[in-house]
Amino acid sequence: MKGKQQILDPIISKLVNGLEGSLILDYGCGEGQLTEKLALNSRKIIAYDISKDIIRKSKAKNKDNNIIYLDSDEYSRVRDSFEKKIDIILCSLVLCTIESEDIFISVIEDLSYLLHDRGKLVIAVCNPLFFNVKETEIQFRLFPSRAKYNSIFTYEKKSKITNRIRKEVHRPLRIYENSFNNFGLEIEKIIQTPGIDMETGFYASDFMIFIISKLEKYAGVEGLKKTR
Ligand SMILES: C[S@@+](CC[C@H](N)C(=O)[O-])C[C@H]1O[C@@H](n2cnc3c(N)ncnc32)[C@H](O)[C@@H]1O
């Protein structure tokens, strides 16, 4: 049986490992499974998660000198020293878990603030274009009855491998595009993971990956929309 580790993570590892740059930030790293795969080619990785519990566990099991795990206090202390210094930022399945619009915006602001002018940002989200598919190879989804593509709504997903239920937030693609643009970020490429709608047998993709760079007119501008 497949899960996101078989469908999404290998695409992201290959993508990130193919990008140039010596300093990587895994923003919202979770338990660090993906972080560890990125560390295989010995670049320096900062891995940050808002959950102190997760970071405590990740630090305890970390054996790789190239990975530095940061909890929210440590992250707040060093954040400003990393302004425009990070060559590659990965933010996988974080934005689509955030319900608050203010926090959603502040995370995108953070990513833009930290990204080097010639850096690349790789963001993965639950694919908004297949928001109404009830069952894929890896999960069941339970939508509110009046869910509409153009609205923002929360729904539940049950993983077939773990049986864990998670809350996810649907936002239409234009909200991602506009929010990135507001912070000087431009989508260069979109990749949709392979998959099927188990009800119809047609193509249905669980995850969407954005490869993003800084808009040229914003590169070099200091303190871009820095509100903190
Ligand atoms: C679904 S997990 C994804 C973990 C990992 N990136 C992956 O792809 O396996 C989402 C993670 O984002 C973290 N997160 C949520 N909001 C965050 C925020 N505002 N800042 C940093 N991390 C956040 C959560 O604590 C959680 O560990």
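A residue is taken as buried if 20 or more other C-beta atoms, placed from the backbone, lie within 10 Å of its own, as exposed if 12 or fewer do, and as partly exposed in between. By this criterion, 33% of the 228 residues of the protein chain are buried. The model is predicted, with local features requiring pLDDT of at least 70 and side-chain atom pairs pLDDT 80 or more, whereas totals for chains, interfaces and linings use all residues. Residue numbers run from 1 along each chain as its sequence is written.

The protein chain holds 7 helices and 10 strands, defined as DSSP runs (H or I, at least four residues; E, at least two) numbered from the N terminus. Its C-alpha trace spans about 50 × 40 × 30 Å along the principal axes. The radius of gyration of the protein chain is 17 Å, in agreement with the value near 17 Å for a compact globule of 228 residues (C-alpha atoms; 2.2 Å times the number of residues to the power 0.38).

Helix α6 comprises residues 101–114 and reaches 20 Å from its first C-alpha to its last, close to the 20 Å expected for its 14 residues (1.5 Å times one less than the number of residues). Its buried residues include Phe104, Val107, Ile108 and Leu111. Among the elements covering the buried residues of α6 are β1 (23–27), β4 (86–92) and β9 (185–192).

Around the ligand are 16 residues, of which Gly28, Gly30, Ile50, Ser51 and Ser92 come nearest (C-beta atom, placed from the backbone, within 6 Å of the molecule). The elements that contribute two or more residues to this shell are α3 (33–38) and α6.

Definitions and conventions. Contact = placed C-beta atoms within 7 Å.
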